[in-house]
Amino acid sequence: MNEARHPLRLPGTAVLAALAMLFLYVPIIVLVVLSFNASDMTTIWTGFSLHWYAQALGNDTMLVAIGNSLTVAAAATVLATAAATSAALGIARSGGRVRTAVEGLLGLPLLIPEIVTAVALLMLFVLVGVRLGLMSVILAHTVFCIPFAYYPIRSRLAALDPALGEAASDLYAPAWRRFLRIELPLLAPGIFAGALLAFISSLGDFVITYFVAGPGATTLPVYIYGMIRTGITPEVNALSTLLLLASVAVVAIVFRSGTTPANQTRGEKTS
Amino acid sequence: MNDTIVAISDVSKRYAGAVQPALAGVSLDIRRNEFFTLLGPSGCGKTTLLRLIAGFGMPDSGQISLDGKLLGQTPPNLRPINTVFQSYALFPHMSVAENIGFGLEMLGQPRETVRSRVTEMLRLVRLEGMGERRPAQLSGGQQQRVALARALAPAPKVLLLDEPLSALDLKLRREMQIELKRLQTETGITFVFVTHDQEEALAMSDRLAVMRDGVVMQVGSPENLYDRPANLFVAEFIGEANFWNATCLERSGAGGRFAIGTSKAVMPVAEAQGLAEGAKAVLVVRPERITLGAAEPGLLHGTVETAVYRGSDLVVHAALAGGGELRARLPGSIAAAGLIGTATGFAFPADAVRVFPA
Ligand SMILES: Nc1ncnc2c1ncn2[C@@H]1O[C@H](COP(=O)(O)OP(=O)(O)OP(=O)(O)O)[C@@H](O)[C@H]1O
Ligand SMILES: [Mg+2]
């Protein structure tokens, strides 16, 4: 009853919202369904089959691409999360204007068109003489993953009572033990969430990787793009579905283990 | 046992960007094994002083020493001083026992020692059997006890407590006041306790310092501060009192005679140092020192407006004949009904009066 009187509640918004959801998810559903299609005509359904999954997983070049993707994502996640954690801790200690400025600069890359970052990184690597390969991809991914990892850590840190760290110092903990015993465990859910965002951003990235990957550093998205140029086959659908599954699995795992401690500490603050 | 454990000498501190200093030349000697209280209104610098003793921040000038040794730049983790934080600051991801054992663990005590000390502390604060709980599973009063046990466990030389009872309701607060006093006596640790509740300060302290705007106004025992306030601020801040404008009529010896307001009442005063005849002054008298007297000339006259029976005593408000008000705390045996609306004489002994220049 109350909802009907809400000033922003205009007629038709529910329909629009439903359409938007449909628009978001229909392509993905179609993709997943067609990956089980027996026909090799991508868009004509002839029957259920796991044929394309078998073919995709039997494809050695593709397996190498998956391996590269996972290597890059793992390395970039570790590096970006470590950098983001130190940034968050460092910025928290500085005050006022410095903080605002640095946080703005950290967030800006999220607004820069990806193609600009891609070209800029390529130029930098060529200029400095970094050989294009897995290493350059890892470096590039680390760079664009930092802001993704930073924000969850930062918001977790903002909710952390500074008196806890002081209490640890007061109870004879030197700086490093205080960090390991107090700050790190309490920030863990934020660090976890940041790492997850970094991992997924890295796993799915195409534009930047396409520019800075040398020969032999093909990741899954780049490989899929290469396949599409020779025509969309159901194998591409199967691959994309696997990528989707991997992302969803990571999210599910992290939310299961990550939300519980977060809720616990929040409960304590209010009591 | 009157030797000094914490010596604060001429300490000043101004926060970046602040106009007024938070502390302006504070000097205090805190004695070994005493329950010392910092009392003052909000913003007077109590927390700032406590944090400087703990090592969170350095004084701009002046020095703090512990047991005769200057603390200087010594960081908090190297000072044998523990703090009970106002927000308790219990580690939410550790059990009660881990919280209490944290200090000893950091000091490198063997696991067995830590465990037995934790058990001992749990018993001391009456939380036996709660060691495995998380802080979130405890009530406010129990969390308070854990915070106390955690700070006491390493047996610090000094325990700092920043308004540790302010988050508790009145009943629990009373209980914890007694509890704190008991813990202080049992452990023999020097307590430096911060509060802005003057009743609490009087009830608990061996000695207390009253602060205002970063300055110590008076230091002494509760009786001393209550009976012999050094200035009007302390007289007003501690306990209840009557404040009457008066004029010095005559000086004789240490004392003199003062006329209150525009009335004809002339009151003898035992001590009136520093006031010349004809000087304007403020007389301060505690309500419980006032008694009923006959309506004779020379006595303070007033009309009783309200009389509230409080069991042990009768609190009387009267309008004075020469203007101004009077508040008296009479024995409860006096009948309220006979007083209200009647013109009455009030008396007090000459030594019950404190005089300050107006
Ligand atoms: N971090 C800070 N930065 C700037 N000014 C501060 C800071 N902390 C305290 N102050 C100022 O210093 C003065 C003393 O503060 P302090 O916290 O010591 O007071 P307090 O006596 O503990 O008050 P309360 O009873 O409200 O806790 C106040 O005017 C306060 O506004
Ligand atoms: Mg304070």
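How much area do chain A and chain B bury between them, and what part of it is on carbon and sulfur atoms? The points below begin with that interface in this predicted model, and then turn to each chain.

1. Chain A and chain B bury about 2,300 Å² between them, with 60% of that area on carbon and sulfur atoms. On the side of chain A, A:Asp170, A:Leu171 and A:Tyr172 lose the most area to chain B, and together they account for 34% of what that side buries. In terms of contacts, 21 residues of chain A meet 30 residues of chain B.

2. A:Arg181 is paired in a salt bridge with B:Glu105, where the closest N and O atoms are 2.5 Å apart.

3. As to which elements of chain A touch chain B, helix H8 (162-170), helix H9 (175-204) and helix H12 (234-270) each supply at least two residues. H8(A) gives the most to that side, with 7 residues. By residue class, the side of chain A that touches chain B divides into 11 nonpolar, 4 polar and 6 charged residues.

4. For chain A, an unreviewed UniProt entry lists transmembrane regions, among them residues 184-201 and 207-226. In the model, residues 184-201 of chain A are 100% helix and 0% strand, with the end C-alpha atoms 24 Å apart. Residues 207-226 of chain A, by contrast, are 65% helix and 0% strand, and the end C-alpha atoms of that span lie 13 Å apart.

5. Chain B is divided into domain 1 (4-236) and domain 2 (240-357), and the C-alpha centres of these domains of chain B lie 39 Å apart. Their contact takes 10 residues from domain 1 of chain B and 9 residues from domain 2 of chain B. The area buried between the two domains is about 860 Å², of which carbon and sulfur atoms give 53%. B:Tyr226, B:Arg228 and B:Leu232 supply 56% of the area that domain 1 of chain B buries against domain 2 of chain B, more than any other three residues.

6. Between domain 1 and domain 2 of chain B the count is 1 salt bridge. The side chains of B:Arg228 and B:Glu271 meet in a salt bridge at 3.2 Å, N to O. On the side of domain 1 of chain B that touches domain 2, helix H7 (222-227) and helix H8 (232-237) of chain B are the elements that give two or more residues, and the residues of that side divide into 6 nonpolar, 1 polar and 3 charged.

Conventions
Residues numbered from 1 in each chain as written. Chains lettered and ligands numbered in written order. Predicted model: local features only at pLDDT ≥ 70, side-chain atom pairs only at ≥ 80, totals over all residues. Heavy atoms only, no water. UniProt positions renumbered as here; feature names shortened; annotations may be inferred. Helix = DSSP H or I, 4+ residues; strand = E, 2+ residues; numbered from the N terminus. Domains from an automatic or database assignment. Contact = heavy atoms within 4.5 Å. Buried area = accessible area lost by both parts, 1.4 Å probe. Salt bridge = Lys/Arg side-chain N within 4 Å of Asp/Glu carboxyl O. Nonpolar A, V, L, I, M, F, W, Y, C, P; charged D, E, K, R; others polar.
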